[in-house]
Amino acid sequence: ADIIVKGEGEITFRKVLENIKDGKDYRNIAGIVFRNEQIVAETEDRKPIEDMDQLTFAYKKEDMAKYKNQILYYEGSRGCPFSCSYCLSAQEKTVRMHSISRVKEDLQYFLDCHVKQVKFVDRTFNCNKRWAKEIVSYLIDHHNGHTNFHFEIAADLLDDEFISLLNSAPVGLFQQEIGVQSINEPTLKSIQRKTSISKIEDNMRKLRSKHNMHLHLDLIAGLPEEDFNTFKHSFDRVYSMKPDMLQLGFLKVLKGSPIHQQRAQHRLQYTEYPPYEILSNEFISYDQIIFLKKIETLVDLYINTGLFQNTLDYLIDKSSRSPFDFFEEFVGYWEAENLFNRSHSKDKTYEIFIEFVGKTNENPNFVKELIKLDYLMYMKLSLPTFLKDTSPGKEEVFERLKDTNFKSTYLPNQIKTPAKKLYKEIQIQTFAYNVTNLSTPTKTNTTLLFQKTTKPTLRQVNEYVVIGE
């Protein structure tokens with residue numbers, strides 16, 4: 001490399017290019033490292049940009065068509081008020097923001113172009129309460145029914161007014177990512193992370209109450225003072241907050257971060273190549289990290305896809321085992337069956353779940369019915385071969401669909417739809433248990449009618465009504 005731009009690059013990089021283009025000496029430009037014959041020389045640091053509005057909007061109108069179904073990134077603010085030792089932002093104590101008018105202008109551009117999702121890269125979107133509330137209010141008032149906005153927030157900083165505002169948003173407009181990282185107090189102290197876990201729990205309950213936004217909670221494995229057992233407790237407590245996505249991440253020992261400077265102190269072993277991910281430390285072994293990687297795989301397949309909600313609620317919430325214990329046992333099954341070395345379709349993950357449950361001490365017949373319920377709610381209205389089809393006969397279904405009283409009771413929006421067409425749009429299944437009650441499995445035939453949902457929802461693609469017991 002001839003030149004390295006250090007720090008913020010927008011001004012420095014442009015000046016370097018201009019000087020090279022014009023044949024001028026670039027060696028007096030602030031914010032670079034360069035070769036001066038055989039010596040590596042360094043100029044003074046460039047001061048951070050004070051007026052963020054001077055930065056040019058990153059996207060051009062002529063490019064937006066190709067971005068329509070992609071995730072676009074947007075920077076509303078730069079810096080972070082916190083000092084978490086694993087983060088490069090810990091070096092910068094200030095936060096600089098685009099003006100509200102500039103942010104609104106940029107976001108309206110995304111809305112007008114109907115992009116799929118905009119992810120704010122701001123470290124803590126709500127560190128300035130007034131600024132964040134005004135942006136959220138603007139997006140609620142101007143949403144286009146298509147574009148989703150993702151924020152990283154500190155949930156313990158939310159007040160009831162802000163939560164009420166978020167809860168008033170249309171379904172699917174917002175996606176909140178909340179970094180818990182650990183519930184272990186010695187770990188939080190070691191990484192200089194000031195947060196209130198109980199406040200996060202309380203605010204998560206309030207944010208979940210309207211079921212109108214995806215809520216992601218993050219955990220980081222491999223942090224100082226966090227051994228395998230304390231991480232298990234962190235996992236269980238975060239799972240109990242019922243996020244839509246539980247992101248199990250692994251410590252990245254980034255050069256320049258405070259934790260990188262402490263690598264010898266904590267005996268951090270990590271990959272020498274990006275993303276410099278943890279392999280072991282004095283608290284957790286390499287084998288334990290690898291095991292947690294397998295837990296991560298199953299969390300992604302069975303929690304984060306949202307395809308097994310009823311089954312997991314029963315197997316974990318209604319039993320004496322902890323969430324981590326359940327996934328630890330599930331990992332053992334996957335290892336025994338050599339499943340980690342293959343790719344699996346969504347249908348296959350259901351089939352694997354059925355086979356796993358058949359080898360446990362749970363009520364396998366009831367759980368199989370729950371798996372079928374989940375499949376019909378979150379997947380397709382046609383059943384795969386490994387799920388038993390218990391639909392009434394075709395003639396019986398047709399007779400019901402021809403019955404005006406039946407349609408007005410259970411399909412009021414499709415009274416005029418011909419039975420032949422309606423037959424292809426619904427699914428009727430009789431379950432051997434009352435699957436609508438997870439607290440007490442009751443062996444009684446329960447018939448449900450499924451159809452594609454007509455209401456906005458975060459994940460559910462099909463809804464059902466009980467048509468007979």
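Residues are numbered from 1 along each chain as its sequence is written. Because the model is predicted, local features need pLDDT of at least 70 and side-chain atom pairs count only at pLDDT 80 or more, whereas totals for chains, interfaces and linings use all residues, and side-chain values use heavy atoms, with hydrogens and water left out.

Helices (H or I, at least four residues) and strands (E, at least two) are taken as DSSP runs and numbered from the N terminus. Asn19 has its place in helix α1, which spans residues 10-21. With a relative accessible area of 14%, Asn19 is buried, a term that stands for under 20% relative accessible area, as against exposed for over 50% and partly exposed in between (1.4 Å probe, protein chains only). When its neighbours within four places in sequence are left aside, Asn19 is in contact (heavy atoms within 4.5 Å) with Lys24, Asp25, Tyr26 and Ile29.

In strand β9 (residues 174-181), eight of the eight residues are buried, so the strand is largely enclosed by the rest of the structure. In a regular strand the side chains alternate between the two faces of the sheet. In β9, Phe174, Gln176, Ile178 and Val180 point one way, while Gln175, Glu177, Gly179 and Gln181 point the other way, and all are buried.

Strands are said to pair if DSSP finds at least two bridges between them. Strand β8 (residues 148-153) runs parallel to β9 and is joined to it by five bridges, and Ile153 has Ile178 of β9 as its bridge partner. Between β8 and β9 the chain passes through helix α5 (residues 160-167) in a right-handed β-α-β crossover, which means that, with the strands pointing away from the viewer, the path from the first strand over the helix to the second runs clockwise. Strand β10 (residues 214-221) also pairs with β9, in the parallel sense and over six bridges, with Asp218 of β10 as the bridge partner of Gly179.

A further sheet is open and consists of three strands in the order β14-β15-β16, with antiparallel pairing. Because β14 (426-431) and β16 (462-468) stand at the edges, each with a single partner strand, one side of each is left without a neighbour in the sheet. The twist from one strand to the next averages 25 degrees, where axes are lines fitted to C-alpha atoms, for helices over the stretch in contact, and angles run from 0 to 180 degrees between N-to-C directions. Six bridges connect strand β15 (residues 446-452) with the antiparallel β16, where Asn462 is the bridge partner of Lys452. Helix α14 (residues 364-378) lies across β14, β15 and β16 and runs at about 170 degrees to β14.
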